[in-house]
Amino acid sequence: MGKIGLFYGSSTGNTEFVAYQMKEEFDRRDPSLVDIHNIGSSTPEQVLGYNYLIFGIPTWNTGQLQDDWEIFLPKLAGRDMKGKRVAIFGLGDQNGYGFNFLDAVGMLADAVMADGAQLWGLWKTSNYEFEESRAQVEDHFLGLGIDQDGQADATPARLQEWINQIAGEFGV
Ligand SMILES: Cc1cc2nc3c(=O)[nH]c(=O)nc-3n(C[C@H](O)[C@H](O)[C@H](O)COP(=O)(O)O)c2cc1C
C-alpha cells in the first residue's frame, strides 16, 4: 500500500484525467507513493487506511458536490480523521459558473475538517476570474483549482507546482 491515498470522483472524466496526471507525476518521483481510487467504488475504511490523502472533486449542478462524493460523504461523517493530512483539488468552470466556482472544494474541506483532519494544499486565487466561491478564504482557495473548460493550458504547470507544494507539506 502506498503512503498517499488519492481518491477522486468524476462524472464526465475531467477529474479522472487530472487525477491520473497527478498519479503519473508522483510515480516519476516514487512509483510506490500514491494509490489511486475512484470514490464511487471506495469504502470509508479504505480512506481511513491512509494518513495522507488527496481528494479530487468537481462541482456539479450549480454549487453541488459531484454525485459519487455526495453519496460517499455521509458515510465518512463522524469518523475520526484526527492527525490525517488532506489536500483537495477541485475542477470547475469559472466562465460558466462564476458564482459557484469550485464550491464543492469548500464543502468537502468543511466536511473533513469537521471530522478533525488537517487541511493542506491551499492555493492562491489570483490567475482565476470568478465572482464567488465557497472554496475561497481571503486570497486562497481551500485546495488547487483546475479549470479544464476554460484554462486547460494552465493545468500541467498548476499540477507541477501543487504537487511540489504538497510533497513538502506531507513530508514525502
Ligand atoms: C450542469 C453543470 C453544472 C456545473 N456546475 C458547476 C458549478 O457550480 N461550479 C463550477 O465551478 N463548475 C461547474 N460545472 C463545471 C464542471 O465542474 C467541470 O466541467 C468539471 O471539469 C467536470 O468534471 P468531471 O468531468 O470530472 O465530472 C458544471 C458543469 C455542468 C455541465
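Reader: Which residue in E3 stands opposite Tyr8?

Author: Gly56 in E3 stands opposite Tyr8. Keep in mind that this is a predicted model.

Reader: And how do E1 and E3 pair, and over how many bridges?

Author: E1 and E3 pair in the parallel sense, over five bridges. E1 is also joined to strand E2, residues 34–38, by five bridges, and these two run parallel as well.

Reader: What do E1, H1 and E2 make together?

Author: They make a β-α-β unit, and it is right-handed.

Reader: Is E1 buried or exposed?

Author: Five of the five residues of E1, residues 4–8, are buried, so the strand is largely enclosed by the rest of the structure.

Reader: Which residues are on which side of it?

Author: Ile4, Leu6 and Tyr8 are on one side, Gly5 and Phe7 are on the other, and both faces are covered. In a regular strand the side chains alternate between the two faces of the sheet.

Reader: Ok, E5 next. Why is E5 largely enclosed?

Author: Strand E5 covers residues 85–91, and seven of its seven residues are buried, so it is largely enclosed by the rest of the structure. Arg85, Ala87, Phe89 and Leu91 are buried on one side, with Val86, Ile88 and Gly90 buried on the other.

Reader: Which strands does E5 pair with?

Author: E3 pairs with E5 in the parallel sense over seven bridges. Strand E6, residues 118–120, pairs with E5 in the parallel sense over three bridges. Strand E10, residues 144–146, runs parallel to E5 and is joined to it by three bridges.

Reader: Which residues are partners there?

Author: Phe55 has Ile88 in E5 as its bridge partner. Ala87 stands opposite Trp120 in E6. Gly90 has Gly145 in E10 as its bridge partner.

Reader: How does the chain get from E5 to E6?

Author: The chain goes through H4, in a right-handed β-α-β crossover.

Reader: You mentioned Phe55. What is Phe55 in contact with, leaving aside its neighbours within four places in sequence?

Author: Phe55 is then in contact with Phe7, Val86, Ile88 and Leu108. Phe55 is also listed among those touching the most other members of the largest nonpolar core, along with Leu6, Leu53, Ile57, Ile88, Val105 and Leu108.

Reader: How many residues are in that core, and where does the largest share come from?

Author: The core has 50 residues. Its largest share, six residues, comes from helix H4, residues 103–114.

Reader: Changing topic: which residues come nearest to the ligand?

Author: Ser10, Asn14, Thr15, Pro58 and Gly92 come nearest, out of 23 residues around the ligand.

Reader: What classes are they in that shell?

Author: The shell has 14 polar, six nonpolar and three charged residues. E3 gives the largest share of the shell, three residues. Helix H1, residues 14–29, and E3, residues 52–60, each supply at least two.

Reader: What is the order of the open sheet of three strands?

Author: The order is E7-E9-E8, with antiparallel pairing. E7 and E8 are the edge strands, since each pairs on one side only. E7 and strand E9, residues 140–141, pair over two bridges, and Lys124 stands opposite His140 in E9.

Reader: Last one. Where does Glu132 lie?

Author: Glu132 lies in the loop between strands E7 and E8. Glu132 is partly exposed, with 13 other C-beta atoms within 10 Å.

How values were computed
Residues numbered from 1 in each chain as written. Predicted model: local features only at pLDDT ≥ 70, side-chain atom pairs only at ≥ 80, totals over all residues. Helix = DSSP H or I, 4+ residues; strand = E, 2+ residues; numbered from the N terminus. Buried ≥ 20, exposed ≤ 12 C-beta atoms within 10 Å, placed from the backbone. Near = placed C-beta within 6 Å. Nonpolar A, V, L, I, M, F, W, Y, C, P; charged D, E, K, R; others polar. Pairing = 2+ DSSP bridges. Core = buried A, V, L, I, M, F, W, Y, C linked by C-beta atoms within 7 Å. Contact = placed C-beta atoms within 7 Å. Right-handed = clockwise from strand over helix to strand, strands pointing away.
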